[in-house]
Amino acid sequence: MEDFLELAKENTDKDLETCGVLGAFLVLYLVHLRGFVIHLMPFFPPLCNQENGTFYVTTLIIPKQDSTSSSCQALNEEDVFAIQNERSLFPMGWIHTHPSQSCFMSSVDLHTHYSYQMMVPEAFAIVLAPTDSSRCATLMQQFCSLSYGIFQLTEPSGMSVLKECQETGFHPHKEPADGSPIYEHCSHVYTNSNLRFEIFDLR
Ligand SMILES: [Zn+2]
Ligand SMILES: [Zn+2]
């Protein structure tokens with residue numbers, strides 16, 4: 001998040017959003033083989049499902065992009081797919097800035113995120129709002145003036161609202177019938193500062 005913010009700074013200063021894609025590899029555990037932990041993924045990818053493993057986000061890809069103060073559109077997405085495919089990475093979600101808005105998921109963000117969560121149910125969206133000081137994240141000291149959120153659509157409520165919505169641009173969404181929110185803070189994402197990661201800035 002810090003590195004991304006640094007790379008986004010030039011845009012942020014001009015009140016333009018910046019977006020990036022998060023790539024993750026999956027480590028799958030088969031623990032029932034006499035207590036041995038077997039990492040299946042490098043050897044038998046077709047046998048892997050996502051039910052008994054951990055995704056490690058290790059790659060940030062910043063695509064060529066068109067942005068405004070409230071939107072960011074990735075261009076040449078095939079370049080992003082190429083990097084993911086070469087490294088067998090899952091499209092684990094995305095990260096973007098809100099240079100002058102608060103920390104939330106806009107309707108356009110929700111539609112963007114729907115595609116990620118359709119592909120990978122664990123996918124998440126990070127929103128960084130450098131000028132929103134309403135929520136002070138205490139995870140790291142340097143984030144103290146920065147509000148950020150790690151979000152996902154609720155399953156099944158939010159996912160089905162988005163599935164049925166045909167609108168484009170900024171628009172209101174109806175609340176799910178069961179009273180749950182459309183999106184929520186993720187509870188399955190943990191930060192690990194020991195994890196090595198790489199950044200591809202394709203701009
Ligand atoms: Zn947004
Ligand atoms: Zn919609």
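This is a predicted model: local features need pLDDT of at least 70, side-chain atom pairs count only at pLDDT 80 or more; totals for chains, interfaces and linings use all residues.
How many residues in the lining of the largest cavity are nonpolar, how many polar and how many charged? The lining divides into three nonpolar, four polar and two charged residues. Here Ala, Val, Leu, Ile, Met, Phe, Trp, Tyr, Cys and Pro count as nonpolar, Asp, Glu, Lys and Arg as charged, and the others, Gly among them, as polar.

Residues are numbered from 1 along each chain as its sequence is written, chains are lettered from A and ligands numbered from 1 in the order in which they are written, and side-chain values use heavy atoms, with hydrogens and water left out.

Start with the chain. Its secondary structure comes to four helices and ten strands. Helices (H or I, at least four residues) and strands (E, at least two) are DSSP runs, numbered from the N terminus. In order, the elements run α-β-β-β-β-β-α-β-α-β-β-α-β-β. The chain has 203 residues, and 41% of them are buried. Buried means under 20% relative accessible area, exposed over 50%, and partly exposed in between (1.4 Å probe, protein chains only). Now take the contacts with a separation of 6 or more: 73% of them join residues 24 or more positions apart. A contact means heavy atoms within 4.5 Å. M1 sits in the segment before α1 (2-13).

Next come the metals. Donors are N, O and S atoms within 2.8 Å of the metal (3.2 Å for Na, K and Ca); water is not among the atoms, so sites may look incomplete. The zinc ion (ligand 2) has H111 (NE2), C165 (SG), H171 (NE2) and H173 (NE2) as its protein donors, 2.0 to 2.2 Å away. Along the chain these donors follow the spacing H-x53-C-x5-H-x1-H. H111 lies in helix α3 and H173 in the loop between α4 and β9 (183-185), so the pair ties together parts that are 62 residues apart in sequence. H173 counts as buried, at 17% relative accessibility. Four donors count as tetrahedral if all angles lie between 85 and 135 degrees; four count as square planar and six as octahedral if opposite donors are over 155 degrees apart and all others between 65 and 115; anything else is irregular.

The zinc ion (ligand 1) is coordinated by H96 (NE2), H98 (NE2), D109 (OD) and D109 (OD), at 1.9 to 2.7 Å. Why is the arrangement around the zinc ion (ligand 1) irregular? The four donor atoms subtend angles of 54 to 169 degrees, which makes it so. The donor residues are spaced H-x1-H-x10-D in sequence. H96 in strand β6 and D109 in helix α3 are 13 residues apart, and the pair links distant parts of the chain. H96 is buried, with a relative accessible area of 0%. D109 is buried too, at 5%.

H96 and D109 bring us back to the cavity. E17, S70, S71, C72, W94, H96, V108, D109 and T112 line it. Helix α3 gives the most to this lining, with three residues. The space in this cavity is about 60 Å³. On a 1 Å grid over the protein atoms alone, a cavity is a set of points where a 1.4 Å probe fits but cannot get out, and a pocket is an open set with protein on both sides within 12 Å along at least five of seven lines; lining residues have an atom within 4 Å of a point. Grid points are joined across faces, edges and corners, and a volume is the space filled by probe spheres set on the points.

The second largest pocket holds about 440 Å³ of space. Its lining has 19 residues, and the closest to its centre are Q73, A74, E77, T112 and Y116. Again α3 gives the most, here with five residues.

Finish with helix α4 (residues 157-164), where S157, G158, M159, V161 and L162 are buried. These residues pack against α3 (107-119) and β8 (147-153). P156 lies in the loop between β8 and α4. The peptide bond from E155 to P156 is cis, with omega near 10 degrees.
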